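Please view the structure first.

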Amino acid sequence: ASSVQSATFIQSALKAAGINITINQMTDADYNTALGARKLQMFLGEWYSWGEDPIYQMNFLLKSTAFTDYAGYSNPKFDALVTRGINMTDLAARDNLSQQAQQMAIDAAPWAFLYTRDSVIVANPNVSGVTRPDDQYPRFQYLILK
């Protein structure tokens, strides 16, 4: 879904709840400047992850000291969990910290998650080793013909 479609849907859903909002389309430069300055009351954004690790993502996206905490989320207990988890090697303990931090973020709801992109990969049934690496570039070295 495009940002305009998403914004229009959100606007109509909020209107049905009695909340009127104005959609302001901005140039990328204006949007990024306002976003970085935390001057947007509501915004649509997207994040492309270079790994599927929740602690890593929360460190960038919701930790109060992160330059990418565009929602302005600030919770010292959350920050402490993420800080402890970022360098932790005990996977079970790290997973526990991650789940606690995720629950804090879900309960506080600094964001509303709208959708995630689907990845569609088409391959002949005689081909295996199709991968979806973090950087989204295909890796043909893993392909095997049966």
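Leu 143 sits in the loop between strand 1 (127-128) and strand 2 (144-145). Helices (H or I, at least four residues) and strands (E, at least two) are DSSP runs, numbered from the N terminus. This is a predicted model: local features need pLDDT of at least 70, side-chain atom pairs count only at pLDDT 80 or more, and totals for chains, interfaces and linings use all residues. Residues are numbered from 1 along each chain as its sequence is written, and side-chain values use heavy atoms, without hydrogens and water.

**Core**

The largest nonpolar core has 11 residues, including Ile 55, Met 58, Tyr 73, Phe 78, Val 82 and Ala 101. Helix 3 (54-61), helix 4 (76-86) and helix 5 (91-108) each give two or more residues to this core. Such a core is a set of buried Ala, Val, Leu, Ile, Met, Phe, Trp, Tyr and Cys residues joined through side-chain atoms within 4.5 Å. Buried means under 20% relative accessible area, exposed over 50%, partly exposed in between (1.4 Å probe, protein chains only).

**Aromatic pairs**

The whole structure holds two aromatic pairs. Rings of Phe, Tyr and Trp (its six-membered ring) pair if their centres lie within 6.5 Å; planes under 30 degrees apart count as stacked, over 60 as edge-to-face and the rest as tilted.

| Pair | Centre to centre | Angle between planes | Type |
|---|---|---|---|
| Tyr 56 and Phe 60 | 5.0 Å | 70 degrees | edge-to-face |
| Tyr 73 and Phe 78 | 5.2 Å | 80 degrees | edge-to-face |

Tyr 56 is partly exposed at 33% relative accessible area. Phe 60 is partly exposed at 27%. Tyr 73 and Phe 78 are buried.
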